[in-house]
Amino acid sequence: MRVVSGIQPTGNLHLGNYLGAIQRWVKMQDEAECIFFLADLHAITAYNDPAELTANIRAMAAALIACGVDAERSILFNQARVPAHPEMAWLLNGTARIGWLNRMTQFKEKSGKNREGASVGLFAYPVLQAADVLLYQATHVPVGEDQKQHLELARDVAIKFNTDYGVELFTVPEPHIGAAGARIMSLRDGGAKMSKSDPSDMSRINLTDDSDTIAQKVKKAKSDAELLPATWAELEGRAEARNLVQIYAVLAERSADDVLAEFAGHGFGRFKPVLADLMVAVISPITARFRDLLAHPEAIDAILADGAAKAAELAAPTLDGAYRALGLPNR
């Protein structure tokens, strides 16, 4: 099984990123050949301060490594270092259909009422996502709810290209069905996903937060006055309570029912301090490793450059095959 997955370099990771995707990446290294990349070419579909983007690429790479992504066991690189990505995307633009892209709900959400003012890149980036996957003959792609539609587009592009040109060039990827990443919600609103874009820093646990900050954020996290029940099903309708219990369960690698069996009949006055201690125990080593890596940017760049060289070598046969299928001169 070969897995390909990317993440946009948006700066420091928060707990939602870690428990939602990165923890899953780390575990996948034991079961598949993994190719992980920082999607910096996707990031430029909206304006970024260039210096900030450069810093974010290094910070995200450092965070991934600190969380357990092993560049010796997986291929880790930033997308812009491998020109085959945008090159393949351009070749696939001839296969992808405007109607397919018009149906992408993420474009509708991100462009909002200013659709005509959105960048071409924002509209077409699902084709680049298809290239990201198809270049490496990925058999599986881990996807969240917001990316399922994009994987379907990648599958459609692969099938149409293979059919149109009478080749079996592209592997048609499947969604990765493994231990699902947890959907971690805001500490201030159990109905909103934990996000760096939330104006309140109290809504999230950053992987750079110190122990006191973590404890303070957990203490002030929105909950309710009811006692904890004995089963997960009994938490139905209590969004904030469910979120805090789920965070504990995932961090402790226990089931939610198991956690509730321990804390049943108790309120959040007892539960929150224990949750804070668990967060500190898990996050503190990550934070220390992250800061150590950031102090040596040349080492981070070397890891990304080495990963890019491996990725480029792996991608070359598929890119060459696409040129041949299209009847274009050999590169």
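Trainee: In this predicted model, which residues of helix H10 are buried?

Mentor: Helix H10 covers residues 239–252, and 10 of its 14 residues are buried, so the helix is largely enclosed by the rest of the structure. Reading along H10, the buried residues are Glu 240, Ala 241, Asn 243, Leu 244, Val 245, Ile 247, Tyr 248, Ala 249, Val 250 and Leu 251.

Trainee: Which helices do the buried residues of H10 pack against?

Mentor: One of those buried residues, Ile 247, is also listed with the most contacts inside the largest nonpolar core. As for the helices against which the buried residues of H10 pack, they are H1 (15–28), H11 (256–263) and H12.

Trainee: How many Å apart are the end C-alpha atoms of H10, and what span should its residues give?

Mentor: The expected span rests on 1.5 Å a residue, applied to one less than the number of residues. For the 14 residues of H10 this should come to 20 Å, and the distance between its end C-alpha atoms, which agrees, is 20 Å.

Trainee: Is Glu 240 buried or exposed, and which residues does it touch beyond its neighbours in sequence?

Mentor: Glu 240 lies in helix H10, and its relative accessible area is 15%. Because buried means under 20% relative accessible area, Glu 240 counts as buried. Not counting residues up to four places away in sequence, Glu 240 touches Asp 189, Gly 190, Lys 222 and Ser 223.

Trainee: Where is Gln 137 found, and what is its phi?

Mentor: Gln 137 is found in the loop between H7 and S4. Its phi has a positive value, in a residue other than glycine, and is near 55 degrees.

Trainee: Is Ala 138 buried or exposed, and which residues does it touch?

Mentor: Ala 138 has its place in the loop between helix H7 (120–134) and strand S4 (140–141), and at 1% relative accessibility it counts as buried. Its C-alpha atom is separated by 9.5 Å from that of Ser 5, although the two residues are 133 residues apart along the chain. Not counting residues up to four places away in sequence, Ala 138 touches Arg 2, Val 4, Val 133, Thr 171 and Pro 173.

Trainee: Which residue in S2 is the bridge partner of Val 4?

Mentor: Strand S1 (residues 2–7) is mostly covered, with five of its six residues buried. S1 pairs with strand S2 (residues 33–38) in the parallel sense over six bridges. Within S2, the bridge partner of Val 4 is Ile 35.

Trainee: How many residues has the largest nonpolar core, and which have the most contacts inside it?

Mentor: This core has 62 residues, and those with the most contacts inside it are Leu 13, Leu 15, Leu 64, Ile 247, Phe 271 and Met 279. Helix H3 (residues 50–67) gives the most to this core, with 11 residues.

Trainee: Which residues of helix H9 are buried, and which exposed residues does the opposite face carry?

Mentor: In H9 (residues 211–220), the buried residues are Ile 214, Lys 217 and Val 218. Seen down the axis of H9, these fall within an arc of 95 degrees, so they line one face of the helix. What covers them includes helix H12 (268–294). The face turned away from this buried side carries the exposed residues Asp 212 and Lys 219.

Trainee: Which residues is Asp 301 in contact with, beyond its neighbours in sequence?

Mentor: Asp 301 has its place in helix H13 (residues 297–326). Asp 301 and Ile 57 are 244 residues apart in sequence, and 9.5 Å apart in space from C-alpha to C-alpha. Leaving aside neighbours within four places in sequence, the contacts of Asp 301 are with Arg 58 and Arg 81.

Terms used
Residues numbered from 1 in each chain as written. Predicted model: local features only at pLDDT ≥ 70, side-chain atom pairs only at ≥ 80, totals over all residues. Heavy atoms only, no water. Helix = DSSP H or I, 4+ residues; strand = E, 2+ residues; numbered from the N terminus. Contact = heavy atoms within 4.5 Å. Buried < 20%, exposed > 50% of the residue type's maximum accessible area, 1.4 Å probe, protein only. Pairing = 2+ DSSP bridges. Core = buried A, V, L, I, M, F, W, Y, C linked by side-chain atoms within 4.5 Å. Arc of directions from axis to C-beta.
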